[in-house]
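Hi there,

Here is the structure I promised to pass on.

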Amino acid sequence: MAAKGLLRAEEVYHDPTRRVRELRAKGKKVIGYPCVYVPLELLAALDIVPYRICGEMREPVTEADRVLPASFCPIMRSCLDCSLKGRHDFLDGTITVHASDPQEKTARIWQSYTRLPYFHFIDMPGTTRTEALEYFASQLDGMVTTLETFSGKKLSADRLNKAIEAYNQQRLLVQSLFELTKPSPPLVSGTEIVKVIKAVMSLPVDEGNQLLNEVLEEVKARKEKPQAKRARLLLWGSTTDDAAVMSILESNANVVFAEDCAGYRPYRGKVIVATDEVMALAIHYLLEITCARTFVQSTATPTKKDYQQDLQGRYGYLKSIISDWKIDGVILLLVRYCDPFAFEVPAVKDYFASLGIPATYIEYDYTEGSLAPMRTRVEAFLETIG
Amino acid sequence: MTTGEKKRVINRVKAMYPLRAKVDESYMRSLEAIKAGKPTVWAMLNFCYGDPVLKAMDIEVVYPENYGAALAAAGVAREYLDRADAEGFPTHLCGYSRANFGYAARLMELGGQPPPEAPMGGMPKPLFLLSSVAVCDARYKWFQALGRYLDVPVWTLEAPLPGIREFQLKDCYEEMVRLSTRHLRDFIAFVEKAVGRKMDWDKLDEIANLMMEINRVSHEINELRKAKPCPMHSRDFWSAMPPALFLLGDLKESLQLYKNLYDEVAERVKNGTSAIPEEKYRLVFAELPPWHSLDLFDRLAERGWNFVIESFGYHPPPPVDLSHVSDPIERIARYSLQRMVSNYKDALEKNVVAGVDVYIYLKYVSEWKCDGAFLHPLVSCRSASTHLPHLANILMERLKVPSLIVEGDIVDLRLFNPQDALLRAEPFEEAMEHYRKVRREAGFDW
C-alpha cells in the first residue's frame with residue numbers, strides 16, 4: 001500500500017526526484033526552478049510539471065567551484081553544483097528569475113554549462129510601481145511565448161484559470177497547515193512542515209494538494225503531538241529547505257512559523273483574477289511574496305521619510321503573526337552572502353524590538369559543519385529570552 | 001597594506017588631471033550648496049539615467065560609491081567599516097555600503113554635520129536618496145537600509161535586464177523603453193515636488209545631448225587605446241571617468257576636457273608614446289579596482305604590464321544616433337539602455353549567453369589584443385565578481401588568454417594583499433608568454 005500523509009511527505013522529502021522521474025518516463029515534460037517567483041500556474045496550464053530545485057547541504061560543492069566564486073550564495077552554488085553533477089538530468093529545462101544577483105548571474109552561467117532543451121530567464125523589476133508591474137507582466141508574456149513553443153501547446157484561458165485555482169487551493173492548504181501550529185503545543189512541528197513543503201514543491205500541483213489534505217487530516221487526528229518546549233519561535237530568512245536545520249532550531253523550542261521561501265512565504269494570499277490572468281499572476285507574485293529583494297517603501301512623500309512608518313510598511317504583516325502565533329522570539333537565519341536579506345537585518349531587528357520581541361541573527365554557510373555552531377547560538381538565544 | 005614603494009612609473013596623461021580634479025570640486029560645491037540652501041542628493045551610479053534629470057533641476061549630487069572609493073584611497077575607510085559592523089550589518093556586505101553606513105551613522109550623530117575627519121569635506125546630509133536597480137541589487141537595498149539614519153525618502157530607479165535570448169522576443173526592447181520612459185516621468189514628478197520647482201525641459205534636452213556627446217568622446221578615447229603601445233593606462237581611465245560617469249560639474253567644460261584628453265592620447269598614438277616605460281604585456285582588468293592599493297599598478301608597470309582596457313561597468317555606452325527621438329526623456333531612456341542592449345546581438349551571435357558582462361571582455365581582449373586578464377573578485381560584491389571564474393574559463397577556451405585571479409575588496413584593505421599579487425606576477429608572465437605562442441599557432445593575430 002502506498003504511503004500517505006506524513007510518511008509520504010517523508011518519502012518524497014528524502015527522494016524528491018523520484019516522482020518527477022516517473023512522470024518524465026511517461027512522457028511528461030519537467031521544468032526546474034530555483035525560486036518561488038516563477039509563476040507555476042503557467043507551467044501547469046501547459047501540462048508541464050514544475051520541480052523546485054533545492055540545494056543539497058550534505059553534498060560538498062566541487063563542480064560549481066569551477067564556475068562561481070566562493071564568496072557567493074551557497075544555496076545557488078549548491079543548486080548549480082548538483083546540476084553540473086547530473087543530479088537534474090531528468091529536467092527538460094530550467095526557469096530562473098531576476099530575484100537576486102546570485103540567481104541572475106547563476107542563471108546565465110547555468111545556461112552556459114548545461115545543455116537543457118529549454119531555458120528561460122524572467123527579468124523582474126525591483127520596485128512595485130505600476131510601470132514595473134506592467135513590465136513584469138510583459139516578461140511573463142515572453143515566458144508564455146517560449147513555453148508554448150517548447151511544449152507545442154497553446155495556453156488557453158480556461159486551462160490557466162484551472163491552474164490558478166489549483167495553486168490557490170495549494171496556498172490555502174499550506175495556510176491551513178500553519179494554522180495547526182497556533183495551539184500550544186503545536187499540532188505539527190516546524191521540522192515536519194519543512195519536509196511537507198519540500199515534498200509539495202517536488203510534486204505536480206494536484207498530487208501536492210492531495211498530500212497536503214492527507215497531512216492535515218492525519219495531524220488533526222493523531223494522538224502523539226509535538227511537545228511544548230521552552231519558547232515559540234518565528235523563523236525569518238531566505239530559504240530553509242533542510243529539515244536538519246529546522247531540527248537544530250527545534251531542539252529546545254517550537255518553530256511555529258517559518259517566514260521564508262521554503263515555508264509560508266510562497267503560499268501567502270491568493271491569485272485574484274479580475275480580467276487578465278497573466279496580469280493577475282504578475283500582481284500576485286510581485287506584490288504578495290515578501291522576499292527582501294523587492295524594494296518596498298511605505299511613504300511616497302518627496303521630502304520626508306519616517307523610519308518607524310517605513311518599518312511598518314515593510315514588516316507590518318509580521319505583527320499579526322507575532323500575536324496570533326504567540327511568538328516569544330525570532331531567529332533571523334540567513335545563509336552567508338544573501339545580500340538582499342542581510343541588508344534588512346538591522347531594520348527588521350529594529351522592528352521586532354519595537355514590538356518588544358527579542359531577535360537574534362544567525363548566519364551559516366549551508367554545510368553540515370555549520371549545524372553545531374548554530375545549535376550553540378540558538379541555545380544562547382533561548383537562555384536570553386528565559 | 002601597500003606594496004611599500006611609492007615610485008611612480010606610469011606615464012600619466014596630463015589632460016586627465018583636470019578631469020580628476022572635478023571629483024574634489026563636486027564635493028566642495030555640494031558643501032557650499034548646502035550652506036547656500038541648495039538641495040543636495042546622494043545618488044548611485046545610474047548609468048546616464050537619473051543623473052541628467054538631477055542636473056537639469058540644478059541639484060547638487062554626491063555619490064556614496066565614489067565617496068567609498070575616496071575613503072579607501074585616503075586610507076580612512078576602516079573607522080567607518082568598524083562602525084557599520086557595530087551597527088549590526090553583516091561583514092560580507094558591499095564595502096562601499098558598509099563605509100557609507102558608518103559614515104551616515106556618524107553624520108547623524110553630529111546632527112547632520114559632516115564629520116570633521118571626513119576627506120574632501122565629507123558628504124552633506126541629502127534631500128533625498130536616488131538608488132538604482134542597475135547592475136546590483138545590493139545597491140538599492142543599501143539605500144533602503146540608510147533609512148535607519150536618514151529621514152529622507154528614497155527613489156529607486158528601475159533598470160530592466162532581460163536575458164540575451166529573451167531580449168530577442170517580440171516587443172521586449174520596446175517594453176524596456178516603455179518602463180524606463182514612464183518611470184523617468186514619475187521620477188521627474190517626484191523631484192519637482194521635492195525641490196518645489198518645475199523641470200526646465202529645454203535644459204534637460206541640452207543636458208541629454210551633452211551627456212551623449214561627452215560619452216561619445218570618452219568612447220573614442222578608449223578606442224585610441226587599442227594602439228600598440230597603449231598610450232593610456234587603466235589608472236588614467238579610472239581617474240578621468242567620473243565626470244562622464246556621474247555627470248560632474250559643468251558639462252560643456254567636461255566636454256572640452258575630454259576633447260583635450262582625446263587630443264593628448266591621439267598625439268601619443270601618433271608619436272608611439274606608451275603609458276608605461278616598456279610595454280611587454282597588455283592586460284585587461286575586471287572589474288572594480290583595489291582603490292586603496294592603486295600603486296600596485298606602478299609595480300606591475302615596472303615589469304612591463306600595461307593595463308589597456310578595464311571595468312566594463314565604468315565604460316560609456318557605444319555611440320548611437322538618437323537625434324530622431326524628440327522627447328528628451330525617451331532619448332535618455334534609450335541611451336541608458338544602450339549600454340547593455342547594444343551588445344545583445346553580438347553576444348547572441350557569438351553564443352555567449354552568460355551575459356554582456358562576460359561577452360564584453362571577450363570583445364575587449366580580442367580587440368585590444370590582451371595577453372592576460374587580471375580578475376579581481378571581491379569578497380563583498382557579488383555583481384562584480386560572480387562572472388569572473390566563468391570569464392577566466394571562456395577567455396582561455398575561446399581566445400587562449402590566461403587569467404590571474406586575485407581576490408580582494410574595493411574598500412576594505414584587510415581583504416587584499418598586493419604583495420601576494422606581485423609574487424604571482426612572474427609565473428603569470430610565463431603563462432602569458434606560453435599562451436602567446438599557443439595563440440599564434442592557433443591562428444590568432446596577437
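How much space lies in the second largest cavity? About 200 Å³. Please keep in mind that this is a predicted model, and that the values below are computed from it.

I'll stay with that cavity for a moment. The lining of the second largest cavity is made up of 17 residues. Those nearest its centre are Tyr33(A), Leu40(A), Tyr167(A), Gln170(A) and Tyr267(A). Two elements of chain A each give two or more residues to this lining: helix 7 (157-179) and helix 8 (190-201). Helix 7 of chain A gives the most, with three residues. By class, the lining of the second largest cavity has 15 nonpolar residues, one polar and one charged.

Now for the largest cavity, which holds about 380 Å³ of space. Its lining counts 28 residues, and Cys73(A), Ser100(A), Gln103(A), Ser238(A) and Thr239(A) are the closest to the centre. In chain A, helix 4 (74-84), helix 5 (101-113) and helix 14 (339-342) are the elements that give two or more residues to the lining of the largest cavity. Sorted by class, this lining has 19 nonpolar, five polar and four charged residues.

Best wishes

Conventions
Residues numbered from 1 in each chain as written. Chains lettered and ligands numbered in written order. Predicted model: local features only at pLDDT ≥ 70, side-chain atom pairs only at ≥ 80, totals over all residues. Heavy atoms only, no water. 1 Å grid on protein atoms, 1.4 Å probe; cavity = no way out; pocket = protein on both sides within 12 Å on 5 of 7 lines; lining within 4 Å. Points joined across faces, edges and corners; volume = space filled by probe spheres on them. Helix = DSSP H or I, 4+ residues; strand = E, 2+ residues; numbered from the N terminus. Nonpolar A, V, L, I, M, F, W, Y, C, P; charged D, E, K, R; others polar.
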